Amino acid sequence: MLTRRTLVAAALFAGIAPAFAETPAASDPVAVLTAIYTRAAKGKGDGGFVIENRAAKAKYLSKGLVALWAKADAHTPKGDVGPVDFDPVTNSQEPDVKSFKIDAARMEADKATIAVTITGHRSDRKPADQIVRYDVVREASSWKIDDIKGSSGGEAWSIRKMLTDSLKS
């Protein structure tokens with residue numbers, strides 16, 4: 001028999017359950033990237049929120065990548081744009097994410113490579129430029145982005161390489 005108390009509890013749980021379903025599992029790298037691209041596709045911001053400040057970098061990026069980025073920023077002359085002058089998540093200056101497909105190319109216990117294919121509203125991008133690859137690593141109990149790779153106009157790029165190269169000049 002369904003009591004009023006059971007009915008109220010079920011209604012409350014039904015209202016709370018969707019909120020839990022939208023929270024990415026930090027123990028699943030595909031879920032982390034799905035949450036990032038879902039936010040970008042919904043228009044709640046381009047992918048720049050991943051790298052917009054120290055707190056965002058600490059949330060999404062590996063400790064090694066955060067440290068390298070800080071060194072590169074410190075090496076950048078005052079008033080100059082840093083070594084990463086575009087949105088690497090959307091691989092663009094003007095984000096255009098209509099939908100996306102995620103493929104876990106390689107999964108190991110403590111590292112993974114994930115490919116994200118972005119489909120935009122415009123069709124002026126080369127197919128290779130629509131794929132962004134992530135090297136992710138497990139740090140403590142969370143998955144963090146250790147490198148972002150892609151191509152622009154057929155030229156390959158890597159965030160780690162850009163940051164490292166900026167320290168040489």
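1. Tyr-37 is buried, because its relative accessibility is 0%. The model discussed here is predicted, and every value below is computed from it. Tyr-37 belongs to helix H2, whose other buried residues include Pro-29, Ala-31, Val-32, Leu-33, Ile-36 and Ala-40.

2. The structure as a whole contains four aromatic pairs. In one of them, the ring centres of Tyr-37 and Phe-100 lie 5.7 Å apart with 40 degrees between their planes, so the pair is classed as tilted. Tyr-37 is part of helix H2 and Phe-100 part of strand S1, so this pair ties together parts that are 63 residues apart in sequence. Phe-100 is partly exposed, because its relative accessible area is 26%.

3. Tyr-37 also pairs with Tyr-134, here in an edge-to-face arrangement with 6.3 Å from centre to centre and 80 degrees between the planes. This pair links distant parts of the chain, since Tyr-37 is in helix H2 and Tyr-134 is in strand S3, 97 residues apart. Tyr-134 is buried, with a relative accessible area of 0%. Together, Tyr-37, Phe-100 and Tyr-134 make up one aromatic cluster.

4. Helix H2 spans residues 29–41, that is, 13 residues, and reaches 18 Å from its first C-alpha to its last, close to the 18 Å expected. At the start of the helix, a side-chain oxygen of Asp-28 comes to within 3.1 Å of the backbone nitrogen of Val-30. Just after the helix, Gly-43 adopts a positive phi of about 80 degrees.

5. What covers the buried face of H2? The cover over its buried residues includes helix H3 (54–60) together with strands S1 (99–107), S2 (111–119), S3 (131–139) and S4 (142–152). A further ring interaction involves Arg-39, which lies over the face of Phe-49 at 3.8 Å from the ring centre.

6. The largest nonpolar core has 31 residues, and the members that touch the most others are Ile-36, Val-50, Tyr-134, Ile-145 and Ile-159. At least two residues of this core come from each of H2, helix H4 (63–75), S2, S3, S4 and helix H5 (159–166). H2 gives the most, with five residues.

7. Residues up to four places away in sequence aside, Ile-159 touches Leu-65, Trp-69, Val-84, Phe-86, Pro-88, Asp-147 and Ile-148.

8. Asp-146 lies in strand S4. Asn-91 has a positive phi of about 50 degrees and is placed in the loop between H4 and S1. Asn-91 is buried, with a relative accessible area of 9%. Ala-140 has a positive phi near 60 degrees and is found in the loop between S3 and S4. Ala-140 is exposed, with a relative accessible area of 77%.

How values were computed: Residues are numbered from 1 along each chain as its sequence is written. This is a predicted model: local features need pLDDT of at least 70, side-chain atom pairs count only at pLDDT 80 or more; totals for chains, interfaces and linings use all residues. Side-chain values use heavy atoms; hydrogens and water are left out. Helices (H or I, at least four residues) and strands (E, at least two) are DSSP runs, numbered from the N terminus. The expected span of a helix is 1.5 Å times one less than its number of residues. Buried means under 20% relative accessible area, exposed over 50%, partly exposed in between (1.4 Å probe, protein chains only). Contact means heavy atoms within 4.5 Å. A polar contact is a pair of N or O atoms within 3.5 Å; within protein, one must be able to donate a hydrogen and the other to accept it, and residues adjacent in sequence count only if both atoms are side-chain atoms. Rings of Phe, Tyr and Trp (its six-membered ring) pair if their centres lie within 6.5 Å; planes under 30 degrees apart count as stacked, over 60 as edge-to-face and the rest as tilted. A charge sits over a ring if NZ of Lys or CZ of Arg is within 6 Å of the ring centre and within 35 degrees of the ring normal. A nonpolar core is a set of buried Ala, Val, Leu, Ile, Met, Phe, Trp, Tyr and Cys residues joined through side-chain atoms within 4.5 Å.
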